[in-house]
Every structure is written in structure tokens, then in C-alpha cells.
Amino acid sequence: MGTVDGGGGGKSGTVKQLNVGGKLFSLEASSLSLSLSLDSPSPTPTFVDRDPALLSAILAAIRAPSSAALAFPARVLLDEALFYGLHAQLLAALSPPPLRGFSVSLASTLSPASEPYPTALAPHHDGSLCLSHGIGQVTYYSPALDHLATFRTHLHRITSLRQLPPSLVVLGSASAPGLHVYDFLEGRHVASVQWWDPTDTRVSKAKVIAIAALPPADAADNNSPILATFESPHRENCIVVVDPVTLKPTQEIGRQSGSAAKSSTPGRVVHLPALGLVFASFVSSGAFGYSGYMRLWDIRSGNVVWETSEPGGAGRSSRFGDPFADADVDVKQQAIYKVCSKSGDVAVADLRSLGNDPWVYMSSGPRGSGGGYGSLLHCHQSQVFVSRKDGLEVWSRLEEQRHNTGDLAEQSGTNERPKSEGFDERSYRSCFVDTEEDAKRGMIQMMEGGGDRLFVSRVEIQGVEVWETSHLAGAISLS
């Protein structure tokens with residue numbers, strides 16, 4: 001006989017007797033689905049014509065998460081748990097512990113059955129993953145990382161991808177025009193959005209470079225707009241705001257000619273809903289090193305409220321010969337992070353105290369001394385993950401130093417502000433979370449966080465690595 005506690009449809013503390021396929025179970029009524037918990041009281045257990053082995057496996061997984069291998073595929077158990085109203089409890093039991101960068105390790109590798117070289121990653125805050133691979137294929141893995149669907153789109157190669165709950169995926173290609181929406185469970189094309197201007201013949205057949213389809217995981221507003229950066233063949237570009245319900249464009253932000261590096265199409269776009277801002281960045285590399293810009297727009301007015309370009313330009317950095325290789329925004333901390341291309345140092349700027357040179361720089365130590373060429377930077381769950389030639393590094397801000405309140409400060413007429421006291425090199429620590437064997441698998445090509453997981457792909461390597469918190473991680477502390 002099995003028992004389980006929880007919260008659900010019935011009255012807390014009331015035990016419900018179930019006869020499932022001839023086997024008796026005692027479950028708290030509050031943990032059961034409404035239809036089972038509200039059955040009229042009876043001295044005989046309620047008979048349920050279902051497989052008792054499945055319910056036994058569900059209860060075992062809820063009672064002792066991660067203690068043993070599942071007796072059935074997670075997908076089967078989750079589907080069965082829906083009937084009993086135990087889906088949320090089972091999903092929580094199957095999910096990894098909270099993601100803590102200093103104790104993460106490689107947990108598994110996801111590899112699609114065909115053409116397994118990923119071209120774009122789109123995790124969701126529930127830990128699920130959509131990935132594009134091969135010739136226009138999209139594969140969806142559930143929050144339990146079960147393979148649920150694979151379908152082929154009309155695109156040859158997908159280069160940008162984001163999930164749009166409950167079952168939609170938004171995608172674009174650097175080689176074909178338009179922003180396209182598919183239902184990933186049905187493999188069905190839903191809609192397409194094009195950027196064109198009947199008054200300007202240069203704006204047509206625009207391809208999508210980057211997408212921001214949702215706010216971060218802790219923002220529950222499903223009506224947050226879709227943002228997509230479009231680029232026409234003549235390099236005219238802008239950020240198009242798309243209504244997530246009607247899937248129609250509603251606004252243009254930051255239209256520019258693209259004739260110079262400072263007006264090139266942003267390769268990253270982030271929506272900051274609490275501040276009403278849009279962050280965009282562009283970076284390029286070549287024989288003479290890196291160059292690029294970062295820019296903040298007011299999403300209501302479409303006006304630029306802050307920008308910087310490196311090397312040189314407005315809002316220049318004190319590290320003139322050390323332009324950034326990548327940058328991202330931590331929306332919760334209200335901070336911009338970047339990794340420098342030459343020194344490999346990580347820098348942070350407080351969104352509430354942006355000025356001419358707002359950066360605070362931090363060095364990673366001996367193992368990260370090889371510079372930042374080819375480095376990627378990704379903010380997830382108030383942690384900063386940085387890929388390097390010799391490994392994967394994580395930066396975390398000490399808990400007692402965090403300040404999560406305040407709004408974006410107005411800039412003074414002189415555009416000068418002191419660097420925030422809450423952001424300094426002493427309030428951070430870093431370590432490399434991968435072993436030397438992990439690093440030997442190759443350079444990291446893409447890195448995206450979703451829920452309590454970090455998804456990583458490497459150059460010319462099949463599949464996607466799944467990194468989760470583990471007490472057995474081979475971390476090397478640099479503190």
C-alpha cells in the first residue's frame with residue numbers, strides 16, 4: 001500500500017483509499033485530482049481501472065527523488081500522474097536541484113536521432129528544451145528531458161529560436177526571410193511575420209538575426225511581446241515588436257542603415273520588462289580584433305537611453321584596447337556583463353548607474369588568463385557563465401552584497417555617475433566548473449540556461465550537453 005502527501009483538490013488531512021487494478025493505495029485527498037478526491041465517502045476503496053505499477057512508480061519517485069532509476073520512462077509516468085493530480089509533485093521530484101554554478105557538472109547529453117548537430121537552442125524556465133538541428137529540423141524535449149517531438153520546417157537552416165508557451169516555437173534563419181511560428185507538438189506552421197516598408201524598396205526579404213520571445217523565467221507575463229531583429233539584403237535593420245497573441249508586428253525600434261559597425265544588426269536582444277527597456281548588442285571579430293556596440297532603448301518611445309561602442313565611441317571604456325567579445329544582461333540584478341576579448345576579464349555595469357565609464361572589471365585567475373577571444377557570456381539565475389578556450393567559468397555575486405531594488409537612474413546632464421557601490425570586484429567569486437576532460441571536448445559554440453539547467457553545445461560536436469547541480473562536480477576554486 002502506498003501513501004503520499006501533497007496539495008491539490010481535496011481537504012487537507014483526509015486520507016483517500018484507492019483500489020488501483022487490485023492493489024490498495026492510501027493517499028491524502030488534497031494530493032489527488034478533483035474528480036477522485038470529491039467522490040462520496042464509502043467504506044470500500046474507490047476502484048480505479050489503471051495499472052498499479054505506474055502509480056507505485058510515481059509514488060516512489062515523489063517520496064525519494066533521484067534515489068534510483070525510474071521503472072518507466074518519465075514521459076509515461078508524467079502522463080499517468082495527470083490522471084491522479086500528481087503531475088506537479090512528480091515533475092518537481094524529477095527536476096534537478098537549484099542551479100548553483102559552483103557545483104554544476106555534466107549530467108547528460110541530448111542527441112537527436114538524425115542530423116544531431118545543433119544550430120540553435122531554446123530552453124524554457126520549466127527545464128524543457130527546443131533545439132534546431134540539421135536541415136531545418138526542430139526537436140522538443142520535455143521538462144523531464146524525454147524526447148516528445150521532432151519535425152521539419154520549411155527553412156534550410158534555423159539560426160535563432162525561442163519557445164512561446166504553451167506549445168509554440170518562434171524561429172528565424174540567417175539565410176531566409178521572415179519570423180516563423182510553429183506548434184512544436186503538432187509540427188504545424190502557425191504564422192509568419194515579415195518586415196517590409198512600402199515606402200522604402202530597400203526593406204524587403206528581411207531575415208531574422210536574433211529573437212527575444214519571453215521575459216526571464218521569473219517573469220510570468222505570457223503577454224510580453226516578441227522582439228526580433230530583422231536585416232534586409234541592403235543591411236537596413238531594426239527591432240520589430242510582435243504581439244504574442246495576434247502574431248502581428250506592432251512597433252519598430254532602432255531602425256538603422258547598417259552601413260557601419262555602429263549601425264549593424266544586433267546579434268543579441270533582451271527585453272527588460274520591469275524597466276520598460278530593450279537591450280541590444282552587436283559584436284564582430286576579424287584580423288584587427290573585436291568591435292561592437294551595446295544599446296538600451298525605451299520600448300515605449302523607441303528612443304535610445306544609453307549606448308556604448310568599443311573600441312572608442314560614446315560611453316567609451318577605460319580599457320580602450322580591450323573591446324568586449326560578448327555581453328548579456330542579468331535582468332534580476334539589473335546589470336550588464338561583458339567579457340573582454342584580449343584580457344579575458346569580466347566586467348559589470350549597474351543599470352541604475354550607467355555613465356560614461358560604468359564598468360567594474362574582474363580577473364578570473366591563471367586558468368582564464370588565455371584571453372577572451374572566442375568567449376561566450378550568458379547570464380542565468382543571477383550567475384554569469386563564461387566559456388573560454390580552456391573551460392567553462394562561472395561568476396557568482398556574494399549573497400550579502402546583492403541589492404535587488406531600485407530603478408534605472410536618470411543620467412545627469414554631464415552623463416557622469418559614480419560606479420555603484422553594490423558592484424565591485426570584492427563582491428564576486430569565480431571558478432571553473434568543468435574538468436580538464438570536459439574542456440577537451442572542444443570550444444563551446446552555444447550556451448543557454450533554462451530552469452535549473454544549463455544547455456551547452458560545442459563546435460563540430462553532436463548533441464547538447466545538459467549541466468545540472470551536483471555535489472560531485474569537479475570544480476576548481478579560484479577564490
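Reader: Which residue caps the N-terminal end of α2?

Author: Asp51 does: one of its side-chain oxygens lies 2.9 Å from the backbone nitrogen of Ala53. A polar contact is a pair of N or O atoms within 3.5 Å; within protein, one must be able to donate a hydrogen and the other to accept it, and residues adjacent in sequence count only if both atoms are side-chain atoms. Keep in mind that this is a predicted model, where local features need pLDDT of at least 70, side-chain atom pairs count only at pLDDT 80 or more, and totals for chains, interfaces and linings use all residues. Residues are numbered from 1 along each chain as its sequence is written, and side-chain values use heavy atoms, with hydrogens and water left out.

Reader: What should the 12 residues of α2 span?

Author: Helices are DSSP runs (H or I, at least four residues), and strands are too (E, at least two), numbered from the N terminus. The expected span is 1.5 Å times one less than the number of residues. For α2 (residues 52-63) that gives 16 Å, and the end C-alpha atoms are 16 Å apart, so the two agree.

Reader: Which elements do the buried residues of α2 pack against?

Author: Buried means under 20% relative accessible area, exposed over 50%, partly exposed in between (1.4 Å probe, protein chains only). Contact means heavy atoms within 4.5 Å. The buried residues of α2, including Leu54 and Ile58, pack against β1, β2, α3 and α4.

Reader: Is Asp328 buried or exposed?

Author: Buried, because its relative accessibility is 5%. Asp328 sits in strand β21, and a polar atom of its side chain lies 3.0 Å from the backbone nitrogen of Cys379.
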